[in-house]
Amino acid sequence: MNESSINLWINNFEKLSHTQFERFERAVKSERGFWLYDIKHKKIYLSDGFEYLVMQHSNIGGFLQKLMAENEFVHLVNLAKESIDGKQNGFSSRVKLKDGRWIFVCATILYEKESPFRIIGTFEDVTPHVSCDLRLSRYVELIAYYDEVTGLPNRNFLNERIREKIDQSKKISSKFWIIFIEVSNFGYINELFGHTVGDEFLKSIALEIKKLLPRDWTFCRFGGDEFVVLTTNVEKSSIERIAENLIERFSRNWNVMGKWLYANINIGIAGYPQDGEVVDLLLKNAEIALTTAKKHGRDMGKSLYEFYSVSMTEEILKRVEIESEISRGIQNRQFFLVYQPKVSSDGRTVVGFEALLRWNSQRGILTPDKFIQIAEESGLVYDLNRLVLDIVCRDIKYMKENVFKNVPVAINLSGKEFVMYNMIGVLNEHLKRHDILPEDIEIEVTERVILSNLELTRQIFNRLFERGIKISIDDFGTGYSSLELLLELPIHALKIDKKFIDKLELFGNEYIIVKSIIHMAKEMNLKTIAEGVERKEQYEILKELGCDEFQGYYFSRPMRVEEIAGLNR
């Protein structure tokens, strides 16, 4: 519309009488139209796009404010003012009306000698498009800020909420807490029962945790098996009570889709402002407290919660340093194996070996109790296990060619090594590479590993048995709840826990336990192995009780593979 047509349009409007608000409102409710605002004379002209309808020149702001939703008119006026102040040619905006409709306003500013004198534009009802946009916007928000499995707010939501909480707390000098929760066994459950059961398990967990939290606390799924709680301004004693309630609830089993599942939790807690005044530091310190709780809980055999302290960070830094050393040790093949003989009841004939891992580190020769837990927690245990399998298969090959033709070697597998990756596939790969038979190697697994994931353990045991690989239960006697497992699992031998051997004497409590184990094993056609035999008296008692094999310093210390040639064949 050029200037001459605009003037014609205005002249035709001028012929109309001033309208009432009702007519002005009907014009705005049309689907589309033109409008013009005369800045100098403060007149507004309005058309529905087909005919000249109305001219309004008094109380324009009042009329528009009655039509527009709250603050929309102010926004539009400010937008026009900013455009004029910036010498811009125009502006556009989506405006909401009080009746719920949305109109799109597009404007061009006309200048005369650099001074604005008219604004002309169009308007169009875009309600259907906006509704679609809002639905899409809401969907995008759900994806961005909410977890699709549990429906809880996610990490993005949590980060923004913590920032807001920090700003509020600074203004009123208040405090709050970050509670970091990790659920154990979730990976096992996913692997064993599938993601459908795993997702339902997560929903059950989320619902149960939420029940134990005050309504005004923010509860989020941080990712995987981790949840985070953002509290209000409460005392430390309240946090302790909540943490204890959560741990107590997780001491019971969960019935999910007809399956009874077990999972415990550990909790780390950090507080604002004492443990950090920015989001990342608060979350990091809460996670450090969680790591400490997991470590102490594993040592004590139960779930724990811990509040963050600076000493925890120092401990984590030490662990990170050791992790780096372990990683370099694997790359540089600093790990090696020593072999402790197993002898028959005559005390002389070697019938097998147990492979024991050692690390030639910069701190000296270390045994697994000094590093294996850190290797497990960091995930380095998988690379370490591959190295161990390569070494043991190579050494077995050497023994078969130079010393013993048919003497099996037993290796120990931790819980993560045993159930958390394709252990059998990796084992087969190394047997094939070194031309080793399945009967040349045995697997030793503790009762604790078996009980931690019975169903998956059963599957792996059966596959090993079918492959021809024998399995022994190590440290047997520490968990009598597992006796019934001997009826279900293809076990070859029981290794009697060393703590019973250490205190073994005639007719003492340990004697009664060891006697029972040996008698039970014989009735079930299982072999028994006594480990940690260090004195002649122990050997004689065990031999009298009918123990099949013996292992310990009384017979031989662990030795390098090159030293084995000196043993009697």
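Guide: Gladly, and let's begin with one side chain: that of Q538 reaches the backbone nitrogen of E534 at 2.7 Å. Keep in mind that this is a predicted model.

Visitor: What makes the pair formed by the side chain of Q538 and the backbone nitrogen of E534 a polar contact?

Guide: The cut-off is 3.5 Å between N or O atoms. At 2.7 Å, the reach from Q538 to E534 falls within it.

Visitor: Why is Q538 called buried?

Guide: Buried means under 20% relative accessible area. Q538 has 1%, so it counts as buried.

Visitor: Where does Q538 lie, and which residues is it in contact with beyond its neighbours in sequence?

Guide: Q538 sits in helix 20, residues 536-545. Setting aside neighbours within four places in sequence, Q538 is in contact with I501, D502, L504, G532 and V533.

Visitor: Let's move to helix 6. How do you know what span to expect for helix 6?

Guide: Helix 6 covers residues 155-172, which is 18 residues, and the expectation at 1.5 Å a residue is 26 Å. From first C-alpha to last, helix 6 reaches 26 Å, close to that expectation.

Visitor: Which residues of helix 6 are buried, and what puts them on the same side?

Guide: The buried ones are L158, N159, I162, K165, I166 and S169. They cover an arc of only 125 degrees around the axis, so they share one side of helix 6. On the other side, K171 and I172 are exposed, and that word calls for over 50% relative accessible area.

Visitor: What happens at the two ends of helix 6?

Guide: At the start, a side-chain oxygen of N154 comes to within 3.1 Å of the backbone nitrogen of N156. After helix 6 comes S173, with a positive phi near 55 degrees.

Visitor: How are two packed helices described?

Guide: By the angle between their axes and the distance between the axes. For helix 7 (residues 186-193) and helix 8 (residues 195-211), the axes come within 7 Å and cross at roughly 145 degrees. Helix 7 brings F186, I189, N190 and F193 to the contact, while helix 8 brings H195, V197, G198, F201 and L202. By class, that contact has six nonpolar, three polar and no charged residues.

Visitor: And what about the whole chain?

Guide: The protein chain has 20 helices and 22 strands. Of its 569 residues, 50% count as buried.

Terms used. Residues numbered from 1 in each chain as written. Predicted model: local features only at pLDDT ≥ 70, side-chain atom pairs only at ≥ 80, totals over all residues. Heavy atoms only, no water. Helix = DSSP H or I, 4+ residues; strand = E, 2+ residues; numbered from the N terminus. Expected span 1.5 Å × (residues − 1). Buried < 20%, exposed > 50% of the residue type's maximum accessible area, 1.4 Å probe, protein only. Arc of directions from axis to C-beta. Polar contact = N/O pair within 3.5 Å; in protein donor to acceptor, adjacent residues only side chain to side chain. Axes fitted to C-alpha atoms, helices over the stretch in contact; angles between N-to-C directions. Contact = heavy atoms within 4.5 Å. Nonpolar A, V, L, I, M, F, W, Y, C, P; charged D, E, K, R; others polar.
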